[in-house]
Amino acid sequence: MITGAHTILYASDAEAARAFFRDVLGLAHVDANDGWLIFKSPPAELAVHPTDPADSGRAELYLMCDDLAATMDDLKGKGVEFTSEVTNAGWGLLTHLRVPGAGEIGLYQPRHATAYDLP
């Protein structure tokens, strides 16, 4: 029944954010109309975390990788700005990076079983 998920990242500078996902991260995309790019997401997971009622319904975007140090080196070479040190969160190694015109997103190397490759 469900065929996919459509993630929206709101950006004060959508063109800069789209250029980042297109040119820096190299995500495949389609032009839905007049430069409105829709990107192919990497395989995805959905987690539900407990929180206070005031934060209920909030969503965050984290990209995942197999080798955080190597991925960070590659992205630094492309000019990506990391906004936090790498921390060991137990469930994985975690950092954050700046998306031009769209704030920060997480990047982590999971140390937990992943769901994105399930059949």
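Is R18 buried or exposed? R18 is buried, with a relative accessible area of 15%, where buried means under 20%, exposed over 50% and partly exposed in between, using a 1.4 Å probe and protein chains only. Before going further, a word on ground rules: this is a predicted model, in which local features need pLDDT of at least 70 and side-chain atom pairs count only at pLDDT 80 or more, while totals for chains, interfaces and linings use all residues. Residues are numbered from 1 along each chain as its sequence is written, and side-chain values use heavy atoms, with hydrogens and water left out.

Back to R18, then. This arginine has its place in helix α1; helices (H or I, at least four residues) and strands (E, at least two) are DSSP runs numbered from the N terminus. Leaving aside neighbours within four places in sequence, R18 is in contact with G35, W36, L37 and F39, contact being heavy atoms within 4.5 Å. With W36 there is a charge-over-ring arrangement: the charged end of R18 sits over the ring, 4.6 Å from its centre. To count, NZ of Lys or CZ of Arg has to be within 6 Å of the ring centre and within 35 degrees of the ring normal.

You'll find D34 in the loop between β1 (29-31) and β2 (37-39). D34 has a positive phi of about 50 degrees although it is not a glycine, and it is exposed, at 76% relative accessible area.

Now zoom out. The chain has 2 helices and 6 strands, and reading along the sequence gives the pattern α-β-β-β-α-β-β-β. Its C-alpha trace spans about 40 × 40 × 35 Å along the principal axes. Of the 119 residues in the chain, 23% are buried. Among contacts with a separation of 6 or more, 45% come from residues 24 or more positions apart.

Next, the sheet. Strands of a sheet pair through backbone hydrogen bonds, either parallel or antiparallel. Here we have an open sheet of 4 strands in the order β3-β6-β5-β4, with mixed pairing; two strands pair if DSSP finds at least two bridges between them. The edge strands are β3 and β4, each pairing on one side only. On the β4 side, β4 and β5 pair in the antiparallel sense over 2 bridges, and N88 stands opposite L93 in β5. Helix α2 (residues 68-77) packs on this sheet, touching β5 and β6, and its direction makes about 145 degrees with that of β6. That angle is taken between N-to-C directions on a 0 to 180 degrees scale, with axes as lines fitted to C-alpha atoms, for helices over the stretch in contact. A69 is found in helix α2 and is partly exposed, with a relative accessible area of 49%. A69 and L93 are 24 residues apart in sequence and 9.4 Å apart in space, C-alpha to C-alpha.

What about the nonpolar core? The term covers a set of buried Ala, Val, Leu, Ile, Met, Phe, Trp, Tyr and Cys residues joined through side-chain atoms within 4.5 Å. The largest one has 18 residues, and those with the most contacts inside it are F20, L75, V80, F82, L97, V99 and L107. The elements giving two or more residues to this core are α1 (14-24), α2, β5 and β6, with α1 giving the most, at 4 residues. For a close-up, take V80: not counting residues up to four places away in sequence, V80 touches F20, V24, L75 and L97.

Finally, the aromatics. Rings of Phe, Tyr and Trp (its six-membered ring) pair if their centres lie within 6.5 Å, with planes under 30 degrees apart counted as stacked, over 60 as edge-to-face and the rest as tilted. By this rule the count comes to 4 aromatic pairs. One of them joins Y62 and Y108 edge-to-face, 6.2 Å centre to centre with 80 degrees between the planes. Y62 lies in strand β3 (residues 62-64) and Y108 in strand β6 (residues 104-110), so this pair ties together parts that are 46 residues apart in sequence. Y62 is partly exposed at 31%, whereas Y108 counts as buried at 9% relative accessibility. W91 and Y108 also form an edge-to-face pair, 5.0 Å centre to centre and 90 degrees between the planes. W91 lies in the loop between β4 (87-88) and β5 (92-98), so its pairing with Y108 in β6 ties together parts 17 residues apart in sequence. W91 itself counts as partly exposed, at 38% relative accessibility. Elsewhere, ring pairs link F20, F21 and F39 into a cluster.
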